[in-house]
Amino acid sequence: MYKNELEIDVGRCLRALLKKKKFIALMTALFFIVGIGLTLDIGQDMYTSNATVYAQTDGTFTDAANAVTAMNAYLDVAKSYRVCQRAALIVGRNDIAATDVQDAVTVFTSGTKSSSSTVTNFMNSSATIITFSATTADAALSMEIADAMAESYATEMESILSTDAVKTLDSAVTYTKTTDAQLEAWKNRIFVALIGAVIACLVIVACEIFDRKVRTVREATIRENIPVLGIIPDYKE
């Protein structure tokens, strides 16, 4: 008994896609409409501003080294509830609480470790700069929170070190738009439309592959395993 195994004809699948291009376009349009419905609330533009603090190196070597060591050792303090609470008070807005500041702020640090044991090389190579990056839907508020976090952290480190060795390096004087809500909405709509196009193509290709119609001599003879008794040729007047 002969068995016709599954065979994928790439050329036939491509021709089927071209033939069903209207169906693909329809599915793409329908999914695009669905994408628009899902992104009616496009959200808000987000703005980010940065402020930095550093351990000053003036004064004695011991003071500077202690400040650098403290900034590395107490890095988790930078985003603690206490520091964020003080920052919220510095901002001075009733709608901004410590938890709001914690959610808006990301802390970055830069610094390298030194293999030298001398205090001078330690200060030069391990001096840490901490960056407070605040992201909110209000550009002015982002700058206020970044500056408030830098000031609050410097105050907290002063209470720990009993010295004002940690100071603000750069205030938040500029901001960048990190999220364009309108652009993100269009990206999502196009992505949903592409999903619709891919689904349509997969349906067409699957139907073509599992279609049991016989179209060629090779298919009729089970890949030439059955002898051909005769062929009716195409006739055109």
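**Helix packing and salt bridges in the predicted model**

The crossing of helices α2 and α8 turns out to be right-handed, a label that applies when the near helix is turned clockwise from the far one by less than a right angle, with anticlockwise giving left-handed. Helices here are DSSP runs (H or I, at least four residues), strands are E runs of at least two, and both are numbered from the N terminus. This is a predicted model, so local features need pLDDT of at least 70 and side-chain atom pairs pLDDT 80 or more, while totals for chains, interfaces and linings use all residues. Residues are numbered from 1 along each chain as its sequence is written, and side-chain values use heavy atoms, leaving out hydrogens and water.

The axes of α2 (residues 21–38) and α8 (residues 181–209) come within 7 Å and cross at roughly 145°; such axes are lines fitted to C-alpha atoms over the stretch in contact, with angles from 0 to 180 degrees between N-to-C directions. Contact (heavy atoms within 4.5 Å) involves residues including Phe-23, Met-27 and Phe-31 in α2, and Trp-186, Val-192 and Ile-199 among those in α8. The residues of this contact split into 15 nonpolar, three polar and one charged. In that tally, Ala, Val, Leu, Ile, Met, Phe, Trp, Tyr, Cys and Pro are nonpolar, Asp, Glu, Lys and Arg are charged, and the others, Gly among them, are polar.

Now for helix α1 (residues 10–19), where Arg-12, Cys-13, Ala-16 and Leu-17 are buried. Buried means under 20% relative accessible area, exposed over 50%, and partly exposed in between (1.4 Å probe, protein chains only). Looking down the axis of α1, the buried residues fall within an arc of 145°, so they line one face of the helix; the arc is taken from the directions from the helix axis to the C-beta atoms. Val-10, Leu-14, Arg-15, Leu-18 and Lys-19 are exposed on the face of α1 turned away from the buried side.

As for salt bridges (a side-chain nitrogen of Lys or Arg within 4 Å of a carboxyl oxygen of Asp or Glu), the count comes to six. One of them pairs Arg-12 with Glu-208, the closest N and O atoms being 3.1 Å apart. Arg-12 sits in α1 and Glu-208 in α8, so the pair ties together parts that are 196 residues apart in sequence. Arg-12 is buried at 10% relative accessibility, and Glu-208 is buried at 14%. Glu-156 also forms a salt bridge with Arg-82, at 3.4 Å between the closest N and O atoms. Here Glu-156 is buried at 7%, whereas Arg-82 is exposed at 53%.
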